[in-house]
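Hi,

Here is the structure I promised to pass on. Have a look at it first, and then read my notes below.

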Amino acid sequence: MFEYAPAPESRDIVDIRPSYGLFINGEWVESQGDERHKTINPATEEALAEISWASEADVDRAVQAARKAFTTWSALPGAERAKYIFRIARIIQERARELAVLESLDNGKPIRESRDVDLPLVAAHFFYYAGWADKLAYAGFGPRPANGQSGADPRPLGVAGQVIPWNFPLLMLAWKIAPALACGNTVVLKPAETTPLTALAFAEICRQADLPPGVVNIVTGAGATGAALVAHPGVDKVAFTGSTEVGRQIARNLAGTRKKLTLELGGKAANIVFEDAALDQAVEGIVNGIFFNQGHVCCAGSRLLVQESIAGELLDALKRRLATLRLGDPLDKNTDIGAINSAAQLAKIRELSAAGESEGAERWSPSCPLPDRGFWFPPTVFTGVAQSHRIAREEIFGPVLSVLTFRTPAEAVEKANNTPYGLSAGVWTEKGSLMLWTASRLRAGVVWSNTFNRFDPASPFGGYKESGYGREGGRHGLAAYLDWKLA
Amino acid sequence: MTTPLAEVATSNASLRAFLHGLPGVDRVGADARAAMLGTRSIKTTAKRQAIDLAVRMVDLTTLEGADTPGKVRAMCAKAVRPDPADPSVPSAAAVCVYPDLVATAVQALRGTDVKVASVATAFPSGRSSLEVKVAETRLAVAAGAAEVDMVIDRGAFLAGDYLKVFEEIAAVKAACGGAGENGEGGAHLKVILETGELATYDNVRRASWLAMIAGGDFIKTSTGKVSPAATLPVTLIMLEAVRDFARRTGRKIGVKPAGGIRTTKDAIKYLVLVNETAGPDWLTPDLFRLGASSLLNDLLMQRQKMATGRYAGPDYFTLD
Amino acid sequence: MSERLAVRKTYKLFVGGAFPRSESGRSYVVTSAKGDFLANAARASRKDARDAVAAARKAFPGWSGATAYNRGQILYRVAEMLEGRRAQFVAEVVQADGVAAKKAGELVDAAVDRLVWYAGWSDKIGAVLGSANPVAGPYFNLSSPEPTGVVAVLAPPAAPLLGLVSVIAPVIVTGNTCVVVASERAPLPAITLAEVLATSDLPGGVVNVLTGFQAEIAPWLAGHMDVNAIDLTGAGPELAVTCEELAAENLKRVLRPPTAPIDWMAEPGIERMAAFLETKTVWHPIGT
């Protein structure tokens with residue numbers, strides 16, 4: 001037997017302060033409120049640092065700073081803004097290993113993912129949008145060009161209030177901040193309360209890049225801080241990634257304002273495997289679809305729809321494959337499945353899994369010892385799932401796969417679309433025409449065919465229906481940060 | 001020869017139907033899987049274990065026009081005792097030579113566990129008549145080769161004449177001798193697919209199954225004379241094939257990547273691939289080999305580094 | 001010689017390609033800009049709204065699945081039919097808006113031209129809003145706009161024909177289906193337009209027209225869980241807030257009312273089409 005010895009990434013590379021203030025107007029400031037909370041390592045429950053939860057007054061200070069900075073930042077030539085953003089991208093590359101370790105410590109995700117997926121995508125996102133900053137007139141969102149002239153630069157919106165989730169802390173920050181700055185907006189960003197550390201490290205990066213004060217402000221905190229931010233009258237644009245429930249509240253609260261809103265919310269993606277699929281790659285795609293980042297992925301392929309004729313064969317292969325997954329220390333370079341991000345999330349996963357069992361679905365997990373401390377959940381597969389089961393409808397946001405079968409392409413599409421969500425979907429077939437037929441009928445913003453959970457700054461991402469609106473990434477991602485109403 | 005799949009080889013049409021009925025391979029997905037497994041970090045005790053295992057899996061190979069009895073004898077000595085200064089280093093699995101040098105190798109290795117493998121069947125191109133290929137195999141076996149590394153007729157394969165490829169492998173297998181149901185007692189047959197010429201992963205999967213159905217004991221990536229030779233994804237496809245074949249027939253077929261594997265790091269990546277694809281059952285020289293020559297010294301250098309804590313220098317290892 | 005008594009038209013709703021009365025049996029008096037009685041128009045109820053949404057949903061797969069060329073042809077056909085009834089529309093616009101016949105003629109002409117303009121967009125908007133994305137990996141990656149689904153449209157109170165055409169055409173040309181609440185004050189051109197639509201090869205249910213009180217009908221549409229988007233162009237400030245709040249329940253796409261009056265004669269740009277399009281991005285590996 002070939003046992004891999006522990007291969008932990010060194011955490012000496014990160015320097016975590018005992019406590020953090022807020023990053024407002026280019027300075028670290030003390031919160032005017034009195035809420036201080038520990039952020040913990042979910043793999044060990046060890047406290048990492050004390051974090052301030054910004055009060056309404058703190059949020060106001062941050063918005064004022066951003067408002068003030070907006071005048072000069074938006075007036076800066078695009079080429080100059082671009083250079084700041086390029087600089088940020090480079091610093092992220094230079095500090096990639098440190099940031100990856102910090103992300104894994106605070107979030108619980110395997111270092112292999114933070115190192116090979118999150119951080120490269122973070123840097124790439126800043127690089128991508130940096131290049132747009134001086135080319136906005138070509139993006140198609142400005143006033144229509146007069147005869148023989150190129151269009152004028154489209155205008156930024158102003159101050160963007162951005163609230164991001166805990167599943168990809170730094171990557172979601174990049175998705176929010178990079179396009180906002182490129183378009184000439186200034187930013188107040190609130191990271192999730194369980195994963196603030198990389199956003200705070202990003203504040204330092206802004207300082208290293210000499211970004212003008214107030215262009216990026218980071219206010220840590222929980223729901224109340226986020227609510228204060230999106231409700232602040234000085235905010236012109238709200239971008240939120242998180243649960244559909246909170247997205248709904250924000251949409252309601254913004255009714256009647258002129259704030260522009262983009263939402264990237266939940267999902268319950270179908271991953272459709274047709275009988276002619278490349279099975280070994282489909283198995284990998286299923287694994288990557290639902291067990292990537294412990295299933296803490298809004299676009300996770302949480303519903304496997306497999307054609308009945310190959311269901312047995314595919315499930316056997318999938319179970320064999322799952323037995324090789326390595327769960328444990330997120331900093332170990334060989335870990336595939338890390339820790340669940342928080343006790344609350346673990347409780348939710350447990351509750352829904354219990355519901356799956358009590359509703360009659362069959363539960364299976366590979367033999368998988370869980371560490372004694374920290375928050376853990378084994379990779380889990382439910383078979384015999386019906387569309388009516390809660391585990392087929394509700395977003396679990398954990399390493400739990402629900403398996404359903406179908407008989408015909410039409411039935412696959414019908415079941416795939418039978419959800420209030422519409423963020424992503426997967427299609428596995430070696431037949432090109434069937435792939436395109438299926439992809440064209442799926443009501444989802446991203447369709448991965450013969451692959452899953454691929455991301456790229458050039459590729460627009462976002463949902464249909466209750467998965468939210470607006471797109472992040474690509475040229476489409478600029479629309480959210482420009483005032484492009486054609487008068 | 002009987003296998004539960006014998007019926008698929010009754011005609012070109014039935015072979016074609018079977019081989020083209022195998023699930024397809026998506027190249028990008030297979031490449032990504034192999035690359036991900038390549039990121040496994042094998043350290044300390046695991047690395048020590050992996051290095052010794054890799055040494056025991058090496059088919060130490062010389063296949064040059066300039067090969068001489070002297071060169072082969074020196075290589076045999078190296079295979080038996082890779083590091084004269086350290087008797088704890090295990091022997092390599094086999095030496096691999098051209099047929100005319102089998103007798104020399106057999107003599108040099110008498111009384112050791114190191115096997116003699118011979119390439120055959122008009123290696124490396126395979127462009128000769130079946131009679132010549134069978135005769136060459138018989139001669140190699142008669143000279144004492146315990147293992148035969150044959151090449152398939154890639155031209156026939158690419159032309160869709162699967163039956164011809166099948167029949168050649170079966171004929172060579174028969175020429176390996178042995179009275180048992182699967183040729184037990186005869187020379188072990190390694191079937192070289194020359195994946196660099198098959199070009200697509202779908203072809204690699206089909207050729208793997210064809211070779212296994214026809215009675216090969218091992219499937220081997222390459223002759224070493226065509227680029228690309230062994231790659232991680234191609235080996236991944238072949239490991240999936242032997243895994244699935246064993247599930248279907250109960251027979252475990254070996255896999256041998258050959259060519260281009262030069263460093264310990266490379267070798268360990270292959271072992272990880274075996275471990276997580278076909279499974280730990282295949283982590284034995286009986287079912288996995290590494291066709292290589294310069295790899296052995298790198299394994300020895302890494303082994304010494306782990307033992308002494310100092311980086312090793314090439315002048316401290318023999319060049320044979 | 002006695003004057004012949006005209007045969008008047010009964011103004012009903014337009015739902016699923018048919019012209020039903022309101023299920024509630026209610027109607028309301030519609031007067032001209034000068035205050036003269038014009039007709040008793042149907043006063044749609046929440047159940048009429050519900051039926052209209054069902055009709056729009058039923059029509060969606062076929063209409064969104066039709067080729068862009070086909071949709072463009074049908075919009076052009078609507079323009080042809082409208083042109084053919086020019087005189088009737090001029091008369092209705094004169095009555096509804098109180099404008100002079102010359103001005104009314106310009107407005108009807110602009111409505112015809114607007115339809116022609118949008119008809120041409122059907123097979124071009126995908127090229128303008130879609131993209132082939134150069135991702136850093138061996139993947140083909142294509143983004144294309146797709147219709148959002150069923151769109152509720154609150155037509156502007158003024159410009160009963162040109163404004164109406166200008167809000168319907170951008171919604172349907174891309175493959176959406178819609179439920180339109182016509183101008184409350186001047187609903188008659190909307191029903192006459194429905195007659196044009198009914199004879200223009202437009203499949204039943206693609207456009208459904210409700211007349212009645214916006215404040216009564218719109219909240220039901222805004223809160224309807226099978227409506228994907230709402231255009232609040234015609235909503236007053238209070239109704240707009242109510243509807244936007246209700247729309248949040250299923251995250252409808254909301255096009256807010258304009259901050260300044262819209263010049264319906266000006267070329268509209270693509271914003272109204274873009275507001276009711278989703279971007280779908282498809283990935284596929286590239287390999288042998």
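Some housekeeping before the rest. This is a predicted model, in which local features need pLDDT of at least 70, side-chain atom pairs count only at pLDDT 80 or more, and totals for chains, interfaces and linings use all residues. Residues are numbered from 1 along each chain as its sequence is written, while chains are lettered from A and ligands numbered from 1 in the order in which they are written.

Chain A

Chain A has 14 helices and 20 strands; helices (H or I, at least four residues) and strands (E, at least two) are DSSP runs, numbered from the N terminus. Its radius of gyration is 22 Å, close to the 23 Å that the globule rule gives for 487 residues, so chain A is as compact as a globular protein of that length. (The radius is taken over C-alpha atoms, and the rule is 2.2 Å times the number of residues to the power 0.38.) Along the principal axes, the C-alpha atoms of chain A fill a box of roughly 65 × 60 × 40 Å. Of the 487 residues in chain A, 61% are buried, meaning that 20 or more other C-beta atoms lie within 10 Å of their own; a residue is exposed if that number is 12 or fewer, and partly exposed in between, with C-beta atoms placed from the backbone.

Chain A is divided into domain 1 (19–265 + 466–483) and domain 2 (270–456), with bounds that come from an automatic or database domain assignment. The C-alpha centres of these two domains of chain A lie 30 Å apart. Where they meet, 21 residues of domain 1 are in contact with 27 residues of domain 2. On the domain 1 side, helix 3 (96–107) and helix 4 (111–132) of chain A each supply at least two residues, and helix 4 of chain A gives the largest share, 4 residues. That side of domain 1 has 8 nonpolar, 7 polar and 6 charged residues.

Chain C, and how it meets chain A

The contact between these two chains takes 30 residues from chain C and 35 residues from chain A. On the chain C side, strand 4, helix 9 (237–247) and strand 10 give two or more residues, and strand 10 of chain C gives the most, with 8 residues. The chain C side divides into 12 nonpolar, 11 polar and 7 charged residues.

Strand 10 is worth a look. Strand 18 (residues 446–449) of chain A runs parallel to strand 10 of chain C, joined by 3 bridges (two strands pair if DSSP finds at least two bridges between them). In that pairing A:Val446 stands opposite C:Thr281. Within chain C, strand 10 (residues 277–285) also pairs with strand 4 in the antiparallel sense, over 9 bridges, and C:Tyr139 stands opposite C:Pro285. Strand 4 (residues 139–147) of chain C is in turn joined to strand 3 (residues 131–132) of chain C by 2 antiparallel bridges, and a hairpin of 6 residues connects strand 3 to strand 4.

Elsewhere in chain C, helix 7 (residues 188–198) is mostly covered, with 9 of its 11 residues buried. Those buried residues pack against several elements of chain C, including helix 2 (68–84) and strand 7 (207–210).

Chain B

Chain B has 13 helices and 8 strands. A compact globule of 320 residues would have a radius of gyration near 20 Å, and the 19 Å of chain B agrees. Buried residues make up 56% of chain B.

B:Val274 is buried because 28 other C-beta atoms lie within 10 Å. Leaving aside neighbours within four places in sequence, B:Val274 is in contact with B:Leu239, B:Trp282, B:Leu283 and B:Phe288.

Cheers

Conventions
Contact = placed C-beta atoms within 7 Å. Nonpolar A, V, L, I, M, F, W, Y, C, P; charged D, E, K, R; others polar.
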